[in-house]
Amino acid sequence: QVQLVESGGGLVQPGGSLRLSCVASGSIFHIVSLGWYRRAPGDQRELVATINSGHATDYADSVKGRFTISRDNARNTLYLQMNGLKPEDTAVYYCTGRVYTTPHQFDDYWGQGTQVTVSS
């Protein structure tokens, strides 16, 4: 089994910054791709950013230029640097990863989420 644990959420004023982290642990053979999703109250889950094993990244239009996704393969850790935060960024942020547990078996895993609230 694989566990993903997020941290770094909290309350921040508009224009502020937060850095989310997600640590993967367990029976990890190889992590193919990682990403961040978010869900605001009453909304559907939304893709925020993804990063593959080659460090290629992709972002939702709503966060381009403000958020930066990165990964530390040696530490099996995913990051999301969030700058210029807006009230509409308020949501629960979830980490997800496509992880091989053996050379031939993979699955998609999700963390429990971390709350980000942007408010004055």
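Q: Which strands form a hairpin with six residues between them, and which residue in the turn has a positive phi?
A: Strands here are DSSP runs of E with at least two residues, numbered from the N terminus, and two strands pair if DSSP finds at least two bridges between them. Strand 4 and strand 5 make the hairpin, and Gly 42 in its turn has a positive phi of about 80 degrees. The model is predicted: local features need pLDDT of at least 70, side-chain atom pairs count only at pLDDT 80 or more, and totals for chains, interfaces and linings use all residues. Residues are numbered from 1 along each chain as its sequence is written, and side-chain values use heavy atoms, with hydrogens and water left out.

Q: How many bridges join strand 4 to strand 5, and how many join strand 4 to strand 9?
A: Strand 4 and strand 5 run antiparallel and are joined by six bridges; Tyr 37 has Leu 47 of strand 5 as its bridge partner. Strand 4 and strand 9 also run antiparallel, with nine bridges. There, Leu 34 is paired with Gly 97 of strand 9.

Q: In what order do the four strands of the open sheet stand?
A: The order is 1-3-8-7, with antiparallel pairing. Strand 1 (2–7) and strand 7 (67–72) are the edges; each has a single partner strand, so one side of each lacks a neighbour in the sheet. With axes taken as lines fitted to C-alpha atoms, neighbouring strands of this sheet are turned by 15 degrees against each other on average, direction ignored.

Q: How many bridges pair strand 3 with strand 8?
A: Six bridges pair strand 3 (residues 18–26) with strand 8 (residues 77–82) in the antiparallel sense. Leu 20 has Leu 80 in strand 8 as its bridge partner.

Q: Which residues have the most contacts inside the largest nonpolar core?
A: In soluble globular proteins, nonpolar side chains tend to be buried together. A nonpolar core is a set of buried Ala, Val, Leu, Ile, Met, Phe, Trp, Tyr and Cys residues joined through side-chain atoms within 4.5 Å. Buried means under 20% relative accessible area, exposed over 50%, and partly exposed in between (1.4 Å probe, protein chains only). The largest core has 30 residues, and Trp 36, Leu 80, Met 82 and Tyr 93 have the most contacts inside it. The strands that each supply at least two of its residues include strand 4 (30–39), strand 5 (46–52) and strand 9 (91–100).

Q: What is Met 82 in contact with, leaving aside its neighbours within four places in sequence?
A: Contact means heavy atoms within 4.5 Å. The partners of Met 82 include Leu 18, Leu 20, Phe 67, Tyr 93 and Val 116.

Q: Is Ala 24 buried or exposed?
A: Ala 24, in strand 3, has 7% relative accessibility and so counts as buried. Beyond four places in sequence, Ala 24 touches Gln 3, Leu 4, Ile 31 and Asn 76.

Q: How many aromatic pairs does a search of the whole structure find?
A: A pair of aromatic rings is described by the distance of the centres and the angle of the planes. Rings of Phe, Tyr and Trp (its six-membered ring) pair if their centres lie within 6.5 Å; planes under 30 degrees apart count as stacked, over 60 as edge-to-face and the rest as tilted. The search finds two pairs. In the pair of Tyr 100 and Phe 106, the centres are 5.1 Å apart and the planes are at 45 degrees, so this pair is tilted. Tyr 100 is partly exposed at 24% relative accessible area, and Phe 106 is partly exposed at 40% relative accessibility.

Note on methods
Axes fitted to C-alpha atoms, helices over the stretch in contact; angles between N-to-C directions.
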